[in-house]
Amino acid sequence: MLKPKVLTNVLSQANTGGVENTLLLNSDGTLLAFSGFHNRDARITSAIASNVWCAYEKHGHNSFREDPLNYLIINCEGGNVIVTQVANLLLCLYATTNDFGLLKAKIAKLKETLEQPLMSIS
Amino acid sequence: MSDEVKRFFTSILNKVNGLNCVLISDRDGVPLLKLSKDNKFPELGTKQSFLSTFSIATVQSSKMMLGKNKQIILCYKSSTIVQLNKAPLIITFVGTESTNIGHLLTYANEVDKYLEEYKIVLEQNLI
């Protein structure tokens, strides 16, 4: 069993240095866990992030050399959204900074932490 | 002008580590210019269906309350793809997994002045 409070605490550790929301969602865009400031934005972000991820992931699987998508970074005028896969779920950071390297390092570390427990329930 | 554009993108290809090819296409993914280091184009990232996915993705991404979408960066296991939103054009860079993305993005702002001619032609044809 996953403890929702502990999961939210783990997600909230990434909410520093411009990261506003950390989301855990499934591939159809349903929000499973969330930590951050704007709840309304989170639902919109999760729906769009999963849609864009699925569109690009499909191309990787359809290519001759099976090429899985590791990270997706959506760079907008006001900030960035970075998405990666953890077990069969998606992990997403919503940030108002442009530090790609820092975002990638944060999401990689969070992925490493969550991979094992989420794998056991998937 | 076309030679100038080719020269500019060839110089990016030569300067950025790991970068293999550059494509300029319209929003439907129809290539207008294709450049590659060794005249080989990888399957992933150069197909019309892949290029046109960006048109949908950029419209959706602009609704995330972070302003207009500028670019999408994709890190696949064995390749890195950067797509720039230069409406009505899409610029796609395809490289290896070790492509220096930061270095590549320093050229993103310089790209605009070389694309004016393409944009004018496309806009005239769209009317």
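Two strands pair if DSSP finds at least two bridges between them. Strands (E, at least two residues) and helices (H or I, at least four) are DSSP runs, numbered from the N terminus. By these rules A:Leu72 stands opposite B:Leu74 in β3(B). The model is predicted, so local features need pLDDT of at least 70 and side-chain atom pairs count only at pLDDT 80 or more, while totals for chains, interfaces and linings use all residues. Residues are numbered from 1 along each chain as its sequence is written, chains are lettered from A in the order in which they are written, and side-chain values use heavy atoms, with hydrogens and water left out.

## The interface of chains A and B

Contact means heavy atoms within 4.5 Å. On that rule 35 residues of chain A are in contact with 28 residues of chain B. The area buried between the two chains is about 2,800 Å². Carbon and sulfur atoms give 61% of that area. Buried area here is the accessible area (1.4 Å probe) that two parts lose on being put together, summed over both.

Which residues of chain A lose the most area to chain B? They are A:Tyr56, A:His59 and A:Asn75. Together they account for 23% of what that side buries.

Several elements of chain A give two or more residues to the side that touches chain B. They are α2 (39–62), β3 (69–76), β4 (79–86), β5 (89–95) and α3 (100–121). α2(A) gives the most, with 12 residues. By residue class, this side of chain A divides into 17 nonpolar, 12 polar and 6 charged. Ala, Val, Leu, Ile, Met, Phe, Trp, Tyr, Cys and Pro count as nonpolar, Asp, Glu, Lys and Arg as charged, and the others, Gly among them, as polar.

The rule for polar contacts finds 19 residue pairs across the interface, both residues at pLDDT 80 or more. A polar contact is a pair of N or O atoms within 3.5 Å; within protein, one must be able to donate a hydrogen and the other to accept it, and residues adjacent in sequence count only if both atoms are side-chain atoms. The count of salt bridges between chain A and chain B is 0.

Strands also meet here. β3(A) is joined to β3 (residues 69–76) of chain B by 7 bridges. The two strands run antiparallel.

## Strand β1 of chain A

Buried means under 20% relative accessible area, exposed over 50%, and partly exposed in between (1.4 Å probe, protein chains only). In β1 (residues 19–26) of chain A, 6 of the 8 residues are buried, so the strand is largely enclosed by the rest of the structure.

β1(A) has antiparallel links to β5(A), through 7 bridges, and to β2 (residues 31–36) of chain A, through 5 bridges. A:Leu25 stands opposite A:Leu90 in β5(A). A:Leu25 also stands opposite A:Leu31 in β2(A). The hairpin of β1(A) and β2(A) has 4 residues between the strands. There A:Gly29 takes a positive phi near 95 degrees.

## Backbone exceptions

Most residues other than glycine have a negative phi, and most peptide bonds are trans. A:Ala87 has a positive phi of about 50 degrees although it is not a glycine. A:Ala87 is found in the loop between β4 and β5 of chain A and counts as buried, at 19% relative accessibility.

B:Met65 is not a glycine either, and its phi is positive, near 65 degrees. Its place is the loop between α2 (48–61) and β3 of chain B. B:Met65 is partly exposed, with a relative accessible area of 41%.

The peptide bond from B:Ala87 to B:Pro88 is cis, with omega near 5 degrees. B:Pro88 lies in the loop between β4 (80–86) and β5 (89–95) of chain B.

## Salt bridges

A salt bridge is a side-chain nitrogen of Lys or Arg within 4 Å of a carboxyl oxygen of Asp or Glu. A search of the whole structure finds 2 salt bridges over all chains.

| Pair | N to O distance |
|---|---|
| A:Glu112 and A:Lys109 | 3.4 Å |
| B:Asp112 and B:Lys86 | 3.3 Å |

What separates A:Glu112 and A:Lys109 in helix α3 of chain A? They are 3 residues apart, about one helical turn. A:Glu112 counts as exposed at 54% relative accessibility, and A:Lys109 counts as exposed at 51%.

B:Asp112 lies in helix α4 (residues 112–126) of chain B and B:Lys86 in strand β4 of chain B, so this pair ties together parts that are 26 residues apart in sequence. B:Asp112 is partly exposed at 28% relative accessibility, whereas B:Lys86 is buried at 12%.
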